[in-house]
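Trainee: I'd like to learn how to read a model like this one. Could we go through it together?

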Amino acid sequence: MPDVTNHDRADWARAAIDTYAAATRGRSDEQRIDEANPDNAEEIISDFLADLRHLVDELDLTVDFDALSARGAYHYDAEVREEAQVDA
């Protein structure tokens, strides 16, 4: 994907987590993750991760969530470094 920024990636994650929060908590602005509601982030994101594990169980998949988390951290670090080099 050409010219994808970390801001784009954050927007995609926000769209996913906002959809999840609306489905599980209703469509209140108080249930969003943003500067006005920073305390929501930990609860909503951890619930989302738990529900992903339930999805894996439902689909009878074998997924190592610790390995996925490590892979995600690796990708995140690489993307942050890459964007920092472009901005330098």
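Mentor: A residue is called buried under 20% relative accessible area, exposed over 50%, and partly exposed in between (1.4 Å probe, protein chains only). Keep in mind that this is a predicted model: local features need pLDDT of at least 70, side-chain atom pairs count only at pLDDT 80 or more, and totals for chains, interfaces and linings use all residues. Residues are numbered from 1 along each chain as its sequence is written, and side-chain values use heavy atoms, with hydrogens and water left out.

Trainee: What share of the 88 residues in the chain is buried?

Mentor: Buried residues come to 16%.

Trainee: And how many helices and strands are there in the chain?

Mentor: Helices (H or I, at least four residues) and strands (E, at least two) are DSSP runs, numbered from the N terminus. Here you get three helices and zero strands, in the order α-α-α from the N terminus on.

Trainee: How do I check the length of a helix?

Mentor: Work out the expected span, which is 1.5 Å times one less than its number of residues. Helix α2 covers residues 40–58, 19 residues, so it should span 27 Å; its end C-alpha atoms are 27 Å apart, which agrees.

Trainee: Which residues of α2 are buried?

Mentor: N40, A41, I44 and V56. Seen down the axis of α2, these buried residues fall within an arc of 135° (taken from the directions from the helix axis to the C-beta atoms), so they line one face of the helix. The general idea: an α-helix has 3.6 residues a turn, so residues three or four places apart point the same way.

Trainee: What covers that side, and what sits on the face turned away from it?

Mentor: The cover over the buried residues of α2 includes α1 (6–25) and α3 (65–87), where contact means heavy atoms within 4.5 Å. Exposed E42 and D57 are carried on the face turned away. Just after α2, D60 takes a positive phi of about 55°.

Trainee: How many aromatic pairs are there?

Mentor: Rings of Phe, Tyr and Trp (its six-membered ring) pair if their centres lie within 6.5 Å; planes under 30 degrees apart count as stacked, over 60 as edge-to-face and the rest as tilted. By that rule there is one aromatic pair.
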